[in-house]
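Please read this briefing alongside the sequence and the 3D view. It takes up the meeting of two chains and then turns to one of them alone.

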Amino acid sequence: MNLLRGESLSVNRQGRPILTAVDITLKCGEMLGLIGPNGAGKSTLLRLLAGVIEADEGILSLEDNPVSAITHRERARRIAYLPQLSEIAWPMSVERLVELGRIPHLDPWQHPGPQDRAIIERVIARTDLQPFRRRAFNTLSGGEQARVVLARALVTEPNILLADEPVSALDPAHQLDVMTLLSEHCQAGQSVIVVLHDLSLAAHYCHRLQLLHQGATLAVGSAEAVLTPGNLKTAYAIAINQTAEETLSPFRLPWRRLS
Amino acid sequence: MIAAQSRYRLILALSLSVAFTAMLSLLTGSQAIPLLQALRQSFDGESGVYGLILTELRLPRTLVALLAGASLGLGGALMQSLLRNPLASPGLVGSASGAALGAVVTLYFGLAGMFALALPIGGIVGALLATLMVYLLAGRDAGILTLILAGVAVNAFALALVSLLLNLAPSPYAVQEIALWMLGSLANVSRNELWILLPGTLAGWLMAWRQGRALDLLTFGEETAASMGADLPRLRQRLFLAVALTVGSAVSVTGAIGFIGLVVPHLLRPLVGYQPSRLLIPSALGGALLLLTADIVVRLLPAQGEIKVGVVTSLIGAPFFLWLILQGKRRVT
């Protein structure tokens with residue numbers, strides 16, 4: 001069964017096509033990498049899947065039901081969305097912010113119960129936020145902030161996690177940490193769509209890649225099938241260095257995390 | 001757990017302070033009244049001057065201060081959370097200036113002299129119309145900046161019309177009447193004003209009720225809030241109407257009372273861990289407390305006539321506003 005399925009999705013803004021007839025599918029336990037140059041429509045596609053914007057054309061279905069038939073709350077329980085920039089309006093504590101991720105599961109004014117608490121504690125431990133839990137969000141470093149907003153999305157326990165460049169502001173070690181967290185989310189039978197600019201990271205962690213170019217899908221499939229010299233040239237206007245090709249595969253990460 | 005406890009402690013402390021200040025307000029005035037005797041007179045239905053002062057003057061004045069203050073405090077908390085801006089005030093969506101215009105129109109055309117309820121009704125209608133204009137100008141799916149700009153435009157226009165009416169006022173007496181009303185006062189409220197204030201206030205409070213979660217979600221920004229299940233167009237619609245009803249009713253009865261809606265939520269926010277939903281009830285209580293206190297202060301100030309309560313709140317509020325800006329500047333640098 002397809003967890004998420006979009007057919008010929010199109011979005012126009014002020015008469016200009018942003019996305020044209022994009023198909024996308026996501027299976028259970030899958031990590032799909034959305035790649036493509038700036039302005040290719042990756043973020044628009046993600047926002048569309050998150051329900052933040054609506055498609056001008058095309059059909060989007062969640063677990064084989066049309067999204068239009070699902071309430072905001074139900075969708076919010078199943079899909080969590082992590083935007084590129086997280087602007088937090090108030091200097092709330094890490095703990096409180098993470099707790100807000102449970103809201104889709106709570107009635108108005110209902111406080112998180114013991115079960116919610118257990119989930120929150122587990123996620124705080126997994127994202128290494130224990131030392132910062134009482135600190136205000138605005139006093140944290142960029143890497144810590146990225147982990148807080150990721151934790152907020154994880155406590156929702158969504159079937160689908162949509163992450164827009166979650167590692168772009170992070171150092172290599174924290175990049176690996178975040179990608180590992182996303183992989184673990186998939187291993188639990190849930191799925192992730194992640195927008196990435198780092199092709200090596202994308203090739204290493206994602207089960208499948210979808211390459212967007214000028215609002216349309218240029219290629220979709222395994223890293224080897226998508227990151228061909230021809231596709232890289234068309235989409236990014238780059239070529240892989242000969243030396244890199246000989247010494248190490250461009251699809252393999254040149255480093256690993258030390259514990 | 002600890003956080004929840006301290007939250008109820010804050011609400012309890014504020015409630016007790018409000019109750020105590022309300023008692024004080026009943027006892028404060030140019031005529032000292034023996035409370036027990038006044039109570040006995042009003043409950044036994046025997047006509048006595050103490051009973052009359054208590055039930056016809058002090059009690060309505062105290063209750064109006066309580067309700068109007070609570071509406072201003074709550075309105076400030078709602079608007080600041082909705083616009084994600086600590087400098088937003090409930091008047092931003094046009095309710096206060098619209099109410100002022102509506103009330104001034106009734107004063108100008110002498111309707112207020114013809115029947116007593118014309119003024120507050122005109123105020124509420126003005127508030128609703130101004131808020132509707134902001135809402136229509138900004139559009140259903142407007143961003144925060146568009147909302148603020150539309151609010152600024154409508155406010156400016158309403159105040160320009162108020163100035164025009166002052167300018168064209170037929171007699172110095174009318175000018176004075178309008179100007180004094182604009183200053184904001186609780187001195188002349190009676191039971192009639194209380195009945196005018198009550199329905200809009202309660203309806204607005206009910207509408208704001210249960211919107212706390214959506215305001216919490218807005219902490220993450222509009223798009224994330226939408227992805228987490230918040231229905232933003234509906235939220236905006238409800239809060240606009242809620243603020244128009246509550247603040248519009250309050251301003252219609254009391255005149256313009258500034259800075260309570262701005263200052264109270266800002267002062268209380270750190271005490272609730274900056275969480276928007278937890279700010280609502282304390283802000284309402286804090287607004288009631290501040291207006292009750294200010295209204296007691298004006299009754300105690302030795303002055304010819306009475307200093308208007310709106311003047312006192314603005315006198316305290318404006319320097320505080322300045323201090324906020326300086327604090328913000330320090331934090332940035």
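In this predicted model, 2 salt bridges are counted between chain A and chain B. One of the pairs joined in a salt bridge across the two chains is Arg84(B) with Glu87(A), whose side chains come to 2.9 Å, N to O.

**The side of chain A that touches chain B**
- At least two residues come from each of α1 (42–50), α2 (72–78), β6 (79–82) and α3 (94–100) of chain A.
- The element that gives the most to this side is α3(A), with 4 residues.
- Sorted by class, this side of chain A holds 18 nonpolar, 4 polar and 7 charged residues.

**Extent of the interface**
- Chain A brings 29 residues to the contact, while chain B brings 32 residues.
- Between them, chain A and chain B bury about 2,900 Å², and 60% of that area lies on carbon and sulfur atoms.
- Of the area that chain A buries against chain B, 30% is supplied by Trp90(A), Arg96(A) and Trp109(A), which is more than any other three residues supply.

**Chain B on its own**
- Chain B has 15 helices and 0 strands.
- Its radius of gyration is 20 Å, close to the 20 Å that the globule rule gives for 333 residues, so chain B is as compact as a globular protein of that length.
- The C-alpha trace of chain B spans about 60 × 55 × 40 Å along its principal axes, and 53% of the 333 residues in chain B are buried.
- Among contacts in chain B between residues at least 6 apart in sequence, 77% link residues at least 24 apart.

Definitions and conventions
Residues numbered from 1 in each chain as written. Chains lettered and ligands numbered in written order. Predicted model: local features only at pLDDT ≥ 70, side-chain atom pairs only at ≥ 80, totals over all residues. Heavy atoms only, no water. Contact = heavy atoms within 4.5 Å. Buried area = accessible area lost by both parts, 1.4 Å probe. Salt bridge = Lys/Arg side-chain N within 4 Å of Asp/Glu carboxyl O. Nonpolar A, V, L, I, M, F, W, Y, C, P; charged D, E, K, R; others polar. Rg over C-alpha atoms; globule rule 2.2 N^0.38 Å. Buried < 20%, exposed > 50% of the residue type's maximum accessible area, 1.4 Å probe, protein only.
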